[in-house]
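Welcome! Please take a moment to look over the structure shown here, and then let us walk through some of its features together.

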Amino acid sequence: MDKKISRRDFLDGMAVAAGAMAVSGCAAGEWGGIHDKVVEPPDGWSNAGRGNSSYPPAMTGLRGSTNPALRIPHELRDGIFWNGDRQITATGEHYDLVVVGAGISGLSAAYFYRQAHPNARILILDNHDDFGGHARRNEFHPNGGLIVGYGGSQSIEAPSVWSPVAKKLLADLGIEVKKFDKYYDQGFNGRWKLNDSVFMTNDLFARDHLVVMKEDKLTAGSFKNAPMPAEAKAAFLKLQDKPDDYMPGLSEAAKKAKLVELTYREYLRDYARMPGEVLDFLQTFTSDEWGFGIDAFGAIDSWASGYPGFDGLKLNASKPYKYCGPTIQIQWNADDPYIYHFPDGNNGICKLIVGKLIPGTGAPATMEQEPLARIDYSKLDVPGNPVRLRLNAPCVRVRHKGGDVGAKTVDVDFYRDGKVYGCTAGGVVMACYNTMVPYLVQDLPSEQKQALFYGTKLPIIYAMVQLRDWRAWERLKIYHTRFTSGDWCVAELDYPVSMGGYKFSKDPGQPILVHMIRMATAPGYRNPRGGVGPGRRELFNRPFERYERTLRDQLTRLLAAGGFDPAKDIQAITVNRWGHGYALEYGRPWATFWPDGPLPSVVGRRKYGRVTIANSDSQNRAYADAAVDAAWRAVQELEASSKP
């Protein structure tokens with residue numbers, strides 16, 4: 001019953017902190033910001049990771065939204081970028097379309113526009129040193145070999161309920177999801193007798209203890225030696241296996257209405273009357289899935305997700321309740337297995353799009369070629385190419401020619417190598433993190449700016465740890481664990497995918513990747529937005545060494561009984577830091593405007609002249625299909641604005 005590894009996708013977008021409007025004469029913080037200066041990162045502004053910067057996927061250390069990627073956006077946020085005499089150098093470039101943001105949504109927007117206009121000239125700008133947004137590839141080379149992992153967006157989730165547009169994009173790219181039935185080793189865990197598990201941490205319980213499930217379910221045998229009072233164990237097992245009707249005397253409508261008003265923790269505490277030990281045991285139950293704990297996740301969505309404690313209510317589940325969150329409603333009848341996964345996650349989608357947009361980069365032509373395909377980053381931004389992808393080039397301003405929103409040309413300024421450059425475009429798709437848009441499109445209406453700022457993303461860390469072998473996991477008979485507390489809420493063996501000449505680890509004596517998740521949203525807030533700012537600031541002010549130290553500590557505590565030695569067994573670490581990770585999905589009880597509106601995401605994504613807005617933020621769903629749908633909508637809106 002315990003939730004497995006996150007099924008969520010983090011998508012593209014420029015990872016920048018929310019804050020003050022970068023407009024001449026506007027004080028920092030006027031538009032809802034919380035900063036008034038650029039915070040100096042402990043690792044220094046130049047820390048972009050370790051390794052050869054000409055091939056970013058193989059770099060290790062601190063990756064994701066690195067410090068160089070954040071500096072200019074932070075200066076824009078704090079209203080200091082345009083201080084002094086900033087000269088703009090005209091490049092003389094004019095494009096039919098400029099896309100800001102090279103994640104799934106931005107690349108999809110460029111693809112859709114090029115489909116409609118085969119001769120179009122397109123420029124894609126991004127502040128990072130790699131494309132893909134959160135759909136990032138991590139490479140490791142143990143003993144001269146190759147292991148591929150993902151630094152963000154994981155999988156093609158529930159493709160059966162993707163929109164026709166998103167399904168067609170997969171087909172256009174040659175992605176046949178049914179092939180993963182063969183590529184994903186669905187018998188791997190059973191063959192090695194590996195189980196899901198929960199690691200009870202010694203700050204909440206009398207001692208550290210690993211609770212191993214049976215067939216992915218907690219049992220009395222699982223809890224036999226667990227440091228939890230017998231009464232609490234019995235209460236949890238009853239909650240999981242045969243819960244009572246904790247709302248007796250209420251009609252079904254009244255029960256659902258009451259669940260809408262409660263968080264999951266409140267339901268468990270005040271209605272199911274669970275003891276404190278059970279609440280502590282379950283606090284991180286929703287963390288990797290939704291980005292925050294049960295103290296902020298809604299009871300109505302917990303019921304809809306099949307979490308423990310609701311069967312006794314006997315609620316009709318033939319269709320989603322009106323107040324269930326958007327993804328729960330979309331995926332209500334989806335029964336897709338969670339196997340549609342490239343070895344590098346959804347970076348596979350991005351690489352295939354790059355291959356369609358920019359020939360000659362080494363990008364794959366087929367899904368089978370994708371795992372071993374090596375991009376030549378020097379070929380992404382070549383003069384004369386109809387489509388150019390310009391990395392390390394944060395957009396700093398977008399404005400219609402002459403300040404006239406009715407103008408047919410848009411000025412786009414970007415920063416590169418210490419200078420500001422300007423180009424022009426017939427239209428712009430803002431496929432970046434939406435809270436950044438008001439700093440870039442400075443003359444947006446105030447109401448739209450406020451709506452865009454509401455869409456703050458949840459901070460998150462994805463770490464990939466290369467191990468010498470996975471013997472300790474095999475000895476303990478686990479493939480995944482959820483920590484009840486600590487820096488990292490999840491540790492799991494990588495997904496067993498072999499395709500196109502790429503082979504997953506065959507036995508416990510071979511190297512493997514372990515995926516670890518840190519949800520940085522601070523706990524203790526009934527509204528998850530309250531924990532975003534504190535969590536993000538802590539994330540940005542933490543040096544890589546602290547991530548490494550806590551990662552080693554939790555892995556050692558988890559695996560020591562299996563013979564794990566971090567000094568010998570950990571061979572490399574990549575920490576993918578996303579200060580702006582999950583797009584925050586609306587849910588009750590905190591999002592009182594859901595579902596009747598007005599929705600901040602809808603207000604914020606309004607077309608503005610020849611500027612349209614994409615990214616998963618604009619759909620308030622942290623999924624790859626949401627990013628694609630947003631790109632399609634933004635391109636269609638741009639097409640409509642171009643018609644006489």
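## A strand among its neighbours

How many of the eight residues of strand 17 (residues 512-519) are buried? Eight of the eight are, so strand 17 is largely enclosed by the rest of the structure. Keep in mind as you look that this is a predicted model. Both faces of strand 17 are covered. On one side you will find Ile512, Val514, Met516 and Arg518, and on the other Leu513, His515, Ile517 and Met519, all of them buried.

Strand 17 has pairing partners that you can trace by eye. With strand 14 (residues 458-467), strand 17 pairs in the antiparallel sense over eight bridges. Here isoleucine 461 stands opposite arginine 518 of strand 17. Strand 16 (residues 490-493) also runs antiparallel to strand 17, and four bridges join the two. In this pairing, glutamate 492 has histidine 515 of strand 17 as its bridge partner.

## The protein as a whole

Now let us step back. The secondary structure of the protein comes to 21 helices and 19 strands. The radius of gyration is 24 Å, close to the 26 Å that the globule rule gives for 644 residues, so the protein is as compact as a globular protein of that length.

Taken along the principal axes, the box filled by the C-alpha atoms is roughly 75 × 60 × 45 Å. Of the 644 residues, 63% count as buried.

One sheet to look for is an open one of four strands, in the order 2-12-11-10 and with mixed pairing. Strand 2 (88-95) and strand 10 (395-400) stand at its edges; each has a single partner strand, so one side of each is left without a neighbour in the sheet. From one strand to the next, the twist averages 20°.

Strand 2 runs parallel to strand 12 (residues 419-425), and five bridges join the two.

The pairing of strand 4 with strand 3 (residues 97-100) is parallel and is made by four bridges. Within it, leucine 97 has isoleucine 122 of strand 4 as its bridge partner.

## The second largest pocket

Rolling a probe the size of a water molecule over the atoms shows where empty space is left. The second largest pocket has a volume of about 520 Å³. It is lined by 27 residues, and those closest to its centre are Asn127, His128, Asp129, Leu391 and Asn392.

Which elements supply at least two residues each to this lining? They are helix 1 (67-77), strand 9 (387-390) and strand 11 (410-416). The largest share, five residues, comes from helix 1. Sorted by class, the lining holds 13 nonpolar, eight polar and six charged residues.

Most residues other than glycine have a negative phi, and most peptide bonds are trans. With that in mind, look at lysine 314, which has a positive phi of about 55° although it is not a glycine. Lysine 314 lies in the loop between helix 11 (299-304) and helix 12 (326-330). Buried or exposed, how does lysine 314 count? At 69% relative accessibility, lysine 314 counts as exposed because the cut-off for that class is over 50%. Aspartate 417 has a positive phi as well, near 55°. Its place is in the loop between strand 11 and strand 12, and with a relative accessible area of 72%, aspartate 417 is exposed.

One runs from arginine 588 to proline 589, with omega near 10°. The other runs from glycine 597 to proline 598, with omega near 0°. Proline 589 is found in the loop between strand 18 (570-582) and helix 20 (600-604), and proline 598 also has its place in the loop between strand 18 and helix 20.

Key. Residues are numbered from 1 along each chain as its sequence is written. This is a predicted model: local features need pLDDT of at least 70, side-chain atom pairs count only at pLDDT 80 or more; totals for chains, interfaces and linings use all residues. Side-chain values use heavy atoms; hydrogens and water are left out. On a 1 Å grid over the protein atoms alone, a cavity is a set of points where a 1.4 Å probe fits but cannot get out, and a pocket is an open set with protein on both sides within 12 Å along at least five of seven lines; lining residues have an atom within 4 Å of a point. Grid points are joined across faces, edges and corners, and a volume is the space filled by probe spheres set on the points. Ala, Val, Leu, Ile, Met, Phe, Trp, Tyr, Cys and Pro count as nonpolar, Asp, Glu, Lys and Arg as charged, and the others, Gly among them, as polar. Two strands pair if DSSP finds at least two bridges between them. Axes are lines fitted to C-alpha atoms, for helices over the stretch in contact, and angles run from 0 to 180 degrees between N-to-C directions. The radius of gyration is taken over C-alpha atoms; the globule rule is 2.2 Å times the number of residues to the power 0.38. Buried means under 20% relative accessible area, exposed over 50%, partly exposed in between (1.4 Å probe, protein chains only).
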